[in-house]
Number of protein chains: 2
Amino acid sequence: MANTTRAWHLKSRPSGMPAAENFELKEAPLPDLGEGMVRVRNSWLSVDPYMRSRMNDVKSYVPSFKVGEPMDGGAVGKVVESRSPHLREGETVFHMQGWREEAVGPAGQFNKVPPIAVEDHQWLGNLGLTGATAYFGLLRIAEAKEGDVVFVSAAAGAVGSAVVQIAKAKGMTVIGAAGGEEKVAWVRELGADHAIDYKAGPVVQALTRAAPDGIDVYFDNVGGDHLDAAFAAARQNARFAICGMIDSYNGGEPPAFRYIMRVIAARIMIKGFIYTHFLPQIGDFYRDMGQWVASGEVKSRETVRDGLEAMPEAFLDLFRGANIGKMLVKL
Amino acid sequence: MANTTRAWHLKSRPSGMPAAENFELKEAPLPDLGEGMVRVRNSWLSVDPYMRSRMNDVKSYVPSFKVGEPMDGGAVGKVVESRSPHLREGETVFHMQGWREEAVGPAGQFNKVPPIAVEDHQWLGNLGLTGATAYFGLLRIAEAKEGDVVFVSAAAGAVGSAVVQIAKAKGMTVIGAAGGEEKVAWVRELGADHAIDYKAGPVVQALTRAAPDGIDVYFDNVGGDHLDAAFAAARQNARFAICGMIDSYNGGEPPAFRYIMRVIAARIMIKGFIYTHFLPQIGDFYRDMGQWVASGEVKSRETVRDGLEAMPEAFLDLFRGANIGKMLVKL
């Protein structure tokens with residue numbers, strides 16, 4: 001019997017907002033379990049905004065999905081068959097063969113979870129890509145430090161909610177922006193000193209009220225009007241860590257910036273980044289974030305969808321703002 | 001007799017592009033020549049794009065001009081009367097009491113020119129604010145180094161032409177953008193490897209042709225479509241020094257950026273700066289630039305207007321692109 005697994009395939013490339021028709025669920029071949037390989041049954045699958053750029057046929061920091069082939073992404077699972085001395089059956093691993101039920105590959109492609117007592121799905125959230133992105137972006141790229149005033153966009157999202165809490169754990173003043181009352185309430189619950197509802201009025205006005213003396217750091221997940229508001233509010237030598245610009249992922253009018261000239265007067269430093277750049281320092285992240293998660297200082301919240309069939313809609317819902325915290329699919 | 005001098009005053013604040021009616025030439029009082037003070041007769045006056053922001057009533061890195069009061073800016077002159085042991089009559093000085101014929105103040109406000117044999121007006125150009133802005137922006141902010149591919153906007157202007165030549169002196173590949181055939185020809189003459197005429201078509205297309213493998217450094221004097229083209233062409237870890245955004249100084253539609261998302265994928269670093277931040281290192285600049293100017297490795301060109309009356313038009317012509325190299329007024 002040929003080895004196969006059910007996996008989501010890219011059926012066609014979207015222009016603008018993707019739709020269900022761009023995805024197709026079908027059987028995908030799995031390689032034979034050769035020497036040194038393992039088979040993993042996935043239990044949690046991640047959907048992340050950065051996957052949108054992988055649907056385009058352009059050179060970027062992660063390879064594009066190929067039309068007609070299985071998609072991939074973050075996943076957590078359990079080893080169900082092993083021909084490697086490095087992984088035993090029953091061990092929990094996180095890896096990049098998501099969007100599917102089972103994964104087969106060399107043991108080196110699967111990471112045994114570190115010895116930190118957290119729920120499995122945390123390896124896709126606060127202790128995974130999103131947490132590490134928040135940690136390194138805030139502390140290494142923006143060099144945020146105790147006493148700084150930090151503005152975070154998409155503060156109720158997976159990355160943003162981690163940024164809010166790391167900043168509070170480090171003694172910063174935090175202003176988080178989110179859309180709608182429920183999200184804003186959660187941003188407050190996370191410890192933010194001020195929470196802005198961007199659906200209630202112009203961000204620039206709300207930010208100026210929340211931070212009358214300006215901001216030292218901006219952590220950008222959104223781009224557009226949020227980034228422009230940060231330009232307007234920046235103090236001298238402000239630092240902007242640019243993590244994402246979800247406002248522009250699906251095309252539309254190019255964003256315009258009324259306050260971009262303040263880059264000069266306020267000597268703003270802006271830097272784009274991808275967390276993988278910091279993989280050599282991942283030990284720092286596990287040490288700090290492991291403690292914060294274990295002590296409850298950093299909390300998480302998930303928006304969970306059930307079953308492999310739910311993947312495309314869970315992904316599309318990221319761009320509709322339907323998630324609070326990390327969006328996950330449970331198999 | 002009261003001491004006075006003819007000086008340009010700010011008559012009213014412009015909204016959008018300034019006009020002659022915003023300026024008024026009239027007598028301004030000069031302080032008595034107290035102990036430790038000198039009187040200087042100006043011979044060269046500088047007009048610079050950054051002065052536009054000083055016409056607005058906003059907090060910025062240099063204080064705003066005040067309505068009804070004399071304007072100021074870079075100037076070179078000769079001491080005609082001295083009550084200070086530090087400056088003798090006949091000595092050449094550069095200082096910030098421009099926009100007027102004579103200046104009086106404590107000797108410490110006037111800088112004796114360093115012992116470098118150049119024409120007086122160079123202290124307002126390649127050896128003055130514009131040269132230092134080019135030098136520190138390129139080498140310290142963008143950390144440009146031998147072998148880098150450097151894109152410079154307004155490359156026929158005062159700052160841009162210095163950037164082109166410093167970059168060539170340091171072994172970089174240079175692409176300069178300017179408007180119109182005469183300017184483009186001069187940018188080539190300065191040693192640029194490629195010169196783009198932004199009036200001849202979209203900058204992004206011309207830049208992609210000139211730098212098919214991308215750029216490492218962008219020195220921005222313009223903003224708008226030039227900055228967007230730099231986003232599009234940026235290589236991994238590109239550095240952008242933001243010196244000016246003349247496209248936006250006079251208002252109009254906020255600039256829109258189609259390629260700004262590349263900040264993330266290419267991990268671009270963008271930093272605004274003002275050369276005064278580097279005053280403690282000005283010795284490095286005089287040493288290097290002094291040699292380059294003396295050896296002819298860095299050339300200058302000036303657009304010179306005659307007489308104090310010509311100041312406002314010379315200033316306004318900066319925004320009409322009427323200057324090649326440094327715009328100066330000779331008294």
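In chain B, the charged end of B:Lys330 sits over the ring of B:Trp44 at 5.1 Å from its centre, where sitting over a ring requires NZ of Lys or CZ of Arg to be within 6 Å of the ring centre and within 35 degrees of the ring normal. The charged end of A:Lys330 likewise lies over the ring of A:Trp44, 5.1 Å from its centre. The model is predicted, so local features need pLDDT of at least 70 and side-chain atom pairs count only at pLDDT 80 or more, while totals for chains, interfaces and linings use all residues. Side-chain values use heavy atoms, leaving out hydrogens and water, residues are numbered from 1 along each chain as its sequence is written, and chains are lettered from A and ligands numbered from 1 in the order in which they are written.

**Aromatic pairs**

- B:Phe94 and B:Trp123 form a stacked pair, with 5.8 Å centre to centre and 5° between the planes.
- This pair links distant parts of chain B, 29 residues apart, with B:Phe94 in strand β5 (residues 92-95) and B:Trp123 in the loop between β7 (111-112) and α2 (129-141); helices (H or I, at least four residues) and strands (E, at least two) are DSSP runs numbered from the N terminus.

**Burial**

- A:Tyr135 counts as buried at 2% relative accessibility, buried meaning under 20% relative accessible area, exposed over 50% and partly exposed in between (1.4 Å probe, protein chains only).
- A:Phe136 is buried, with a relative accessible area of 0%.
- Both B:Phe94 and B:Trp123 are buried.

Methods
Phe/Tyr/Trp six-rings, centres within 6.5 Å; stacked < 30°, edge-to-face > 60°.
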